[in-house]
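The entries follow in the order in which I looked things up.

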Amino acid sequence: MLERLFQLEAHNTSVRNEIIGGITTFLTMAYIIFVNPAMLAQAGMDQGAVFVATCLAAAIGCLIMGLYANYPIALAPGMGLNAFFTYGVVLGMGYSWEVALGAIFLSGVIFVFISIFKIREWIINSIPASLKLGIAAGIGLFLAIIALKNAGIVVEHPATLVTLGDLSTPPAIYGLLGFFVIAALAYLRVTGAVMIGILSITVLAIILGHNEFGGLVSMPPSIAPTFLAMDIAGAFEVGMISVIFAFLFVDLFDTAGTLIGVGERGKLLDEDGKLPRIKKALLADSTATVVGASLGTSSTTSYIESAAGVAAGGRTGLTAVVVAILFLVSLFFAPLAGSIPAYATAGALLYVAVLMTGSLSKVDWDDVSEAAPVLIAALTMPLTFSIAHGIALAFISYAAIKLFSGQGKQVSISVYALAVFFVVKFIFFP
């Protein structure tokens, strides 16, 4: 049955290799079980319900990817967009979390649409590579400032906006220590470095009396507080258009990059460097976002950590199915997830920020017309606490600089159209 479903022999793999690959991938991405509920709880959502939604959305996404697309790529609520959900849309813009879920649901529906009708290629090819790099770096810096804030390392200041906090406090010490541990373990290529860092800081804080242990296992909490709670009608407000676009845009490019990156690592690309069945993979990803929003969590996306499972031998969808099973098992560890303090996840956020800002190394800094919009995107996201604002200002600056420097013909119509749209939005719907 497994051979018929996943074509193991054709992919030169075995059940054992697939199981090892699945376990490896799960260990590298399981930190989302702890980080996502804690982050979305700050938006006013029920932490237990979000925990269940996170595990279920990840499991369903992995099952669709494994059984439908037959790729060893795991999915779960994505880092960056969950932070934008909480700090940008809910706490920053003042929308309810129900409306924010509605925006994610709509972005997922649009993603499904463009995946079916092959609009994806036009969108991806029309957006300059430098903007993609700048947006990735901006999200990384956005996560970094959130991590530093959660640990009390960066605090508000009436004169300078932000300043250094008290590094002698337990949250700051634990936050920095967690980051040091995760970075060191990652350098040593220890599987599950992020999860080990989070759990070790949590255990240390409990031992030293700075945190309470809520238990290890129990029956899963109720998902009722978030299930089908999204406010789709509220998401149609004009001010939410750029938010929906931001959710869609980031999810689309993050997914495309992950699919190609993992495919290349596992030698799954064809002779033209393209991923076969990419339409199915994109449909799996977009469908998971729709399902996740319905359950009560932020955008579900493909995880680059899947490359770890591929390196361990995973080659087919059976790897993703194994990850799905492990996420379902995780449903019974809600008390442990509830015991994770914000400062224990701060180190993980900061580490993910390091990975994402690495995209800046690929920017052509000698061409200021390409580099300037990158800097705009990278700086405005953390400083405005909004991925949507960073994307908008990046498009406006790219189109304007290219036009004023006599390179207007190099810019696609879609970039000009988006730039004009964002200008109109800022003027009439600030």
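I began with helix 11 and helix 19 (residues 413-428), whose axes lie 11 Å apart and pack at an angle of about 140°. For the axes I used lines fitted to C-alpha atoms, for helices over the stretch in contact, with angles running from 0 to 180 degrees between N-to-C directions. The helices themselves are DSSP runs (H or I, at least four residues), numbered from the N terminus. That angle makes helix 11 oblique to helix 19; angles under 35 degrees count as roughly parallel, over 145 as roughly antiparallel, 65 to 115 as roughly perpendicular and the rest as oblique.

I noted that this is a predicted model, in which local features need pLDDT of at least 70 and side-chain atom pairs count only at pLDDT 80 or more, while totals for chains, interfaces and linings use all residues. Residues are numbered from 1 along each chain as its sequence is written, and side-chain values use heavy atoms, with hydrogens and water left out.

Next I listed the contact of helix 11 with helix 19: Ile241, Ser242 and Phe245 come from helix 11, and Leu418, Phe421, Phe422 and Lys425 from helix 19, where contact means heavy atoms within 4.5 Å. By class, these residues divide into five nonpolar, one polar and one charged; I counted Ala, Val, Leu, Ile, Met, Phe, Trp, Tyr, Cys and Pro as nonpolar, Asp, Glu, Lys and Arg as charged, and the others, Gly among them, as polar.

I then turned to the other partner of helix 11. Helix 6 (residues 97-116) packs on helix 11 with the axes 8 Å apart and at an angle of about 50°, which makes helix 6 oblique to helix 11. The crossing of the two is right-handed; a crossing is left-handed if the near helix is turned anticlockwise from the far one by less than a right angle, and right-handed if clockwise. On the helix 6 side I found Ala100, Ala103, Ile104, Leu106, Ser107, Ile110, Phe111 and Ile114, and these meet Val243, Ile244, Phe247, Leu248, Asp251, Leu252 and Thr255 of helix 11. The class count for this contact is 12 nonpolar, two polar and one charged residues.

Which rings pair, and how? I counted 13 aromatic pairs, taking rings of Phe, Tyr and Trp (its six-membered ring) as paired if their centres lie within 6.5 Å, with planes under 30 degrees apart called stacked, over 60 edge-to-face and the rest tilted. Because Phe84 lies in helix 5 (residues 81-90) and Phe247 in helix 11 (residues 241-265), the pair ties together parts that are 163 residues apart in sequence. Phe84 counts as buried at 0% relative accessibility, and Phe247 is buried with a relative accessible area of 0%; buried means under 20% relative accessible area, exposed over 50%, and partly exposed in between (1.4 Å probe, protein chains only).

For Tyr174 and Tyr343 I noted ring centres 5.2 Å apart and planes at 20°, so that pair is stacked. Tyr174 sits in helix 9 (residues 170-187) and Tyr343 in helix 16 (residues 342-357), 169 residues apart, and both are buried. I also recorded a cluster in which ring pairs link Phe245, Phe249, Phe395, Phe421 and Phe422.

My next entry concerns helix 8 (residues 129-150) and helix 17 (residues 368-384), whose axes come within 7 Å and cross at roughly 25°. That makes helix 8 roughly parallel to helix 17, and their crossing is right-handed. The contact of helix 8 with helix 17 has 13 nonpolar, three polar and one charged residues.

Ser286 lies in helix 12 (residues 278-295) and counts as buried at 0% relative accessibility; leaving aside neighbours within four places in sequence, Ser286 is in contact with Gly108, Phe111, Val112 and Ser115. Gln7, in the loop between helix 1 (2-6) and helix 2 (15-29), has a positive phi of about 55° although it is not a glycine, and is partly exposed at 42% relative accessible area. Asp364, in the loop between helix 16 and helix 17, is partly exposed at 41%.
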